[in-house]
Amino acid sequence: MQEDLQRIVSYLTAVPAWYLATSVDNRAHVRPFSFAAVEDNHIWFCTAKGKDVYDELLLNPHFELCAWHPGAPWVIVSGKAVFAEPSAQMREDGFRHMVGLGEAHTSADDGLLVFFYLEEGKARICDITGQEESLNLQ
């Protein structure tokens, strides 16, 4: 399983952005994301309080993401967001990543950054020919 988790995170971190979708009140919402990391047999993501995605995942924690790199198959990951406190190193990595994107955080512990990990995770790696590989990320 650890190899599959790392495989998905390596793909996500090799593209500039991938897209995470939520659903609230039977309406889909999608936005670019770019932070993903593996820790404690989970894929972790980072966002900020005050963003729509944070509020949406609190209302309905089920999400799906999709990433594609030209010339490669695309990846679809689905599961449930579990908000939790990551390690200090993960918090620092998320902080540096978000600040690098232009977000205004004062520190890794400014109270605005929130982290969630993938639970009940499943991934599919698909290509244009119809080939598909399924991964269980639990």
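## Salt bridges

A salt bridge is counted where a side-chain nitrogen of Lys or Arg lies within 4 Å of a carboxyl oxygen of Asp or Glu. In this predicted model, the structure holds 7 salt bridges. One of them joins E103 to K51, with the closest N and O atoms 2.4 Å apart. This pair links distant parts of the chain, since E103 sits in the loop between α3 and β7 while K51 sits in the loop between β4 and α2, 52 residues away.

## The helix α3

Within α3, the residues M90, R91, G94, F95 and M98 are buried. Seen down the helix axis, these buried residues fall within an arc of 135 degrees, so they line one face of α3. They pack against β3, β4 and β7, whereas A88, Q89, R96 and G100, on the other side of the helix, are exposed. Just after α3, G102 takes a positive phi of about 105 degrees.

## Charged pairs of the helix

R91 also meets E85 in a salt bridge, at 2.8 Å from N to O. R91 counts as buried because its relative accessibility is 8%, whereas E85, at 55%, counts as exposed.

The side chains of E92 and R96 form another salt bridge, at 3.0 Å from N to O. Because E92 and R96 are 4 residues apart in α3, about one helical turn separates them. Salt bridges that share partners also join E85, R91 and D109 into one network.

Notes. Residues are numbered from 1 along each chain as its sequence is written. This is a predicted model: local features need pLDDT of at least 70, side-chain atom pairs count only at pLDDT 80 or more; totals for chains, interfaces and linings use all residues. Side-chain values use heavy atoms; hydrogens and water are left out. Buried means under 20% relative accessible area, exposed over 50%, partly exposed in between (1.4 Å probe, protein chains only). Helices (H or I, at least four residues) and strands (E, at least two) are DSSP runs, numbered from the N terminus. The arc is that of the directions from the helix axis to the C-beta atoms. Contact means heavy atoms within 4.5 Å.
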